[in-house]
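This briefing concerns a protein model, its ligand and the spaces inside the protein. Please examine the structure before reading the points that follow.

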Amino acid sequence: MKITVLGTGAVGRAVAGRLDDLGHDVTMGTREPAATAGREEHAAWATQHAGVRLVAFAGSAAGADLVVNALGGDVVLDNLALVGPDLAGRILADLSNPLDHSQGIPPRLFVKDDDSLAERIQRAHPDARVVKTLNTMNNAVMVDPAQLGESSTVFVSGDDPAAKAVVSALLGELGHTDVIDLGGLETARGPEMFLALWVRTAVALGGSDFNIKVVRGPSLRG
Ligand SMILES: NC(=O)c1ccc[n+]([C@@H]2O[C@H](COP(=O)([O-])OP(=O)(O)OC[C@H]3O[C@@H](n4cnc5c(N)ncnc54)[C@H](OP(=O)(O)O)[C@@H]3O)[C@@H](O)[C@H]2O)c1
């Protein structure tokens, strides 16, 4: 697939790198390609992923079969506006979290309960096919859940069943074996608010190398 990953942070690099390794045609979107290419952490990563193109946000989604949002939650809407009209009709896998770090640890959520960041993105880009997923685990687990040593759970939320099917198939390529379709995009409020528990679990465990596993009782086993 032709995939554009928006974001060059830890998530962008992990996802773009793994998709490149899987043989996808990957483009990465950033604010200033030259500045990003010059960053030590990006340069080291790029030597392993020479086939991944690094381009400015504007036009980065043109022709993509799938766009991955790996942008900081507080800058998502401004940056997606830079991507421009190419988001119309595109599947947009949203991995971002609405974290507000301004008051220290644990971070607060700047949207919750009656709305979500995924819904804000959908409202700003009504013709995009937004699917919330993968925001409930760290980037290493996102792209290689098998390293945990046992099956764990990932969620998808979205209003477009065909878009969710494409994203779910890609999750399978990454190694996710338990994909729970929560329903429409409104259900993204659940996995986003899960961050309140995720952060506290990471602090308690002393690290983020974990994921949750939904264990079905006998009445729910198919
Ligand atoms: N880190 C994880 O393991 C993890 C796990 C689950 C979910 N998430 C979510 O995934 C998203 C990406 O996380 P991340 O840790 O990879 O990246 P991040 O450091 O939060 O975000 C980096 C990206 O945001 C862009 N950006 C645009 N304007 C910015 C500004 N004014 N200040 C700072 N960055 C700006 C950067 O653009 P440039 O490329 O131009 O620098 C870069 O591409 C976040 O929403 C996060 O909550 C992260």
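The residues lining the largest pocket comprise 17 nonpolar, 16 polar and four charged ones; here Ala, Val, Leu, Ile, Met, Phe, Trp, Tyr, Cys and Pro count as nonpolar, Asp, Glu, Lys and Arg as charged, and the others, Gly among them, as polar. The model is predicted, so that local features need pLDDT of at least 70 and side-chain atom pairs count only at pLDDT 80 or more, while totals for chains, interfaces and linings use all residues. Residues are numbered from 1 along each chain as its sequence is written, and side-chain values use heavy atoms, with hydrogens and water left out.

**The largest pocket**

- On a 1 Å grid over the protein atoms alone, a pocket is an open set of points with protein on both sides within 12 Å along at least five of seven lines, whereas a cavity is a set of points where a 1.4 Å probe fits but cannot get out; lining residues have an atom within 4 Å of a point.
- The largest pocket holds about 760 Å³ of space, a volume being the space filled by probe spheres set on the points, which are joined across faces, edges and corners.
- Its lining has 37 residues, of which Val11, Ala70, Leu71, Gly72 and Gly73 are the closest to the centre.
- Helix H9 (195–205) contributes the most to this lining, with five residues; helices (H or I, at least four residues) and strands (E, at least two) are DSSP runs, numbered from the N terminus.

**The ligand**

- Around the ligand are 22 residues, and Thr8, Val11, Thr30, Leu71 and Asn79 come nearest; a residue is near if one of its heavy atoms lies within 4 Å.
- This shell consists of eight nonpolar, twelve polar and two charged residues.
- Oxygen atoms of the ligand lie 2.9 Å from a side-chain N or O atom of Arg39, 3.1 Å from a polar backbone atom of Ala10 and 3.4 Å from a backbone N or O atom of Gly72.

**The cavity**

- There is one cavity of 30 Å³ or more, and the largest cavity holds about 90 Å³ of space.
- Its lining includes Val15, Leu66, Thr133 and Leu174.
- Helix H7 (161–174) gives the most to this lining, with four residues.
- By class, the cavity lining has eleven nonpolar residues, one polar residue and no charged residues.

Conventions
A polar contact is a pair of N or O atoms within 3.5 Å; within protein, one must be able to donate a hydrogen and the other to accept it, and residues adjacent in sequence count only if both atoms are side-chain atoms.
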